[in-house]
Amino acid sequence: MEREIYLDNSATTPLCDAALEAINTAIKNYANPSSLHALGLEAHKLIDTARSRLLCALGLSADRTRRVIFTSGGSEANNLAVFGVMRAKNFKFLPQIITTDSEHPSLLEPITSLEKDGLAQVIKLPTFGGKIDISYLSSIVCERTVLVSIMSVNNETGAIYDIKNAFDTVKRINPSAVTHTDAVQAFLKTNVNFRALKADLITVSGHKINAPKGVGALIVSGDIIKAKKLVPIILGGGQEGNFRSGTENVLGISALGAAAQYNKEKLSAFIERTNELSELLISLLPDSVRVNRPEAHAPHIVSITLPAIKSETALHFLSGKGIYVSSGSACASNGRHKSHVLVAYGLSALDTDCTLRISLSDKVSEDDIRYTAEMIGEAVRTLVKIG
């Protein structure tokens, strides 16, 4: 194969040099970070350094009450946010959970399980066109609202949701409601001001920002800790401040901290570059290819719908040309169901089957983009269309 063009960065990203260096440093200390001897304390220092770096990258280092709970990834962090909040109190009423119809499965499925067990009333905000209706949200928040979870950036469409306005609305009506955002696709990809969000809980994932797979975090506000509104879902040795038992993944955690620091330093350049690349790609696509672009969108995600050509067919065609894209989120692609996100966005059943996600990095060249657009054009001309 002559060339390889990786355009699936929303699924996962390659390790950056800073993360690899952090792993090489951490691997020399094999001690358990819970051990009280000198080696254990050194390992614990590596974790503390990663906590500081992560909070700094989020713009939350000035808030000394914030707690970083390291997890095995974004999915575990989302599960901890849902089950940790819902199990923290013995409610004397049917608690209400508000979310959107476009969340990641690691958020929707835990919430759905609570609803099926009769433990919660769930209301999903529509996200047609990549927007949430703040007026509708204000009409449903009530004294029974326990948890409101809205992702920052959608992983399939790139839509940036107005969660600051949403969380301001929630807190104004019910200050005791817990607010959570899955920031996996927003963190160090967009200029989200996490200090201004009024998010009690924030989910991040390592392998989306050039750290390894198998590490993530839930960032928790001091108010939630003080009010005891979060309990662990993994019990055992009481690590992570008794919020996530299990010996910490020192290698992954160190790499996450290093990658966060590295990407924070180049965030402005990343946004500028990926904006340029996405605009170039869109300008070169055939007229028959529809771009699903919300008004407010992340710079690194471009969703396109092909003219009656199955996305899986197009994906394999492009892969044969050395171009790697996805037919939606990597998690959703493992199933056989249609994308609930694209349906919620407003696509027809046929169009959801014909949609590709192209997710960029600042390492992609303009020549790569031109070649990609050319091969998409060839796919449109040569692939068999759905009858």
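Which residues of strand 7 lie on one side and which on the other, and are they buried or exposed? Leu201, Thr203 and Ser205 lie on one side of strand 7, Ile202 and Val204 lie on the other, and all are buried. Buried here denotes under 20% relative accessible area, exposed over 50%, and partly exposed in between, with a 1.4 Å probe and protein chains only.

The model is predicted: local features need pLDDT of at least 70, side-chain atom pairs count only at pLDDT 80 or more, and totals for chains, interfaces and linings use all residues. Residues are numbered from 1 along each chain as its sequence is written, and side-chain values use heavy atoms, with hydrogens and water left out.

Helices (H or I, at least four residues) and strands (E, at least two) are DSSP runs, numbered from the N terminus. Two strands are taken to pair if DSSP finds at least two bridges between them.

The chain passes from strand 5 through helix 6 (residues 163–173) to strand 6 in a right-handed β-α-β crossover. A crossover is right-handed if, with the strands pointing away from the viewer, the path from the first strand over the helix to the second runs clockwise.

| Strand pair | Sense | Bridges |
|---|---|---|
| Strand 5 (residues 145–149) and strand 6 | parallel | 3 bridges |
| Strand 6 and strand 7 (residues 201–205) | parallel | 3 bridges |
| Strand 7 and strand 8 (residues 216–220) | antiparallel | 5 bridges |
| Strand 9 and strand 10 (residues 301–305) | antiparallel | 2 bridges |

Serine 149 has histidine 180 of strand 6 as its bridge partner, and histidine 180 in turn stands opposite leucine 201 in strand 7. Aspartate 182 stands opposite threonine 203 in strand 7. The bridge partner of isoleucine 202 in strand 8 is isoleucine 219.

In an open sheet, 3 strands follow the order 9-10-12 with antiparallel pairing. Strand 9 (290–291) and strand 12 (355–359) each have a single partner strand and stand at the edges, so one side of each is left without a neighbour in the sheet. Valine 291 has isoleucine 304 in strand 10 as its bridge partner.

**Nonpolar cores**

A nonpolar core is a set of buried Ala, Val, Leu, Ile, Met, Phe, Trp, Tyr and Cys residues joined through side-chain atoms within 4.5 Å. The largest has 50 residues, of which Leu54, Phe70, Ile150, Phe187 and Ile219 touch the most other members. Leaving out residues up to four places away in sequence, leucine 54 touches Val68, Phe70, Phe187, Val204, Ala217, Ile219, Leu256 and Ala260.

**Helix 4**

Helix 4 (residues 105–116) has 12 residues and reaches 16 Å from its first C-alpha to its last, close to the 16 Å expected at 1.5 Å a residue. The expected span is 1.5 Å times one less than the number of residues. Its buried residues are Ser106, Leu107, Leu108, Pro110, Ile111 and Leu114. Their cover includes helix 3 (74–86), strand 3 (96–100), strand 4 (121–125), strand 5, strand 6 and helix 13 (340–345). Just after helix 4, glycine 118 takes a positive phi of about 70 degrees.

**Lysine 321 and the cysteines**

Lysine 321 sits in the loop between helix 11 (311–320) and strand 11 (323–324) and is partly exposed, at 28% relative accessibility. Contact means heavy atoms within 4.5 Å; leaving aside neighbours within four places in sequence, lysine 321 is in contact with Arg3, Tyr371, Met375 and Glu378.

The structure holds 0 disulfides, a disulfide being a pair of cysteine sulfur atoms within 2.5 Å. For cysteine 16, the nearest cysteine sulfur, that of cysteine 56, is 15 Å away. Cysteine 16 is buried at 7% relative accessibility, whereas cysteine 142 is partly exposed, with a relative accessible area of 24%.
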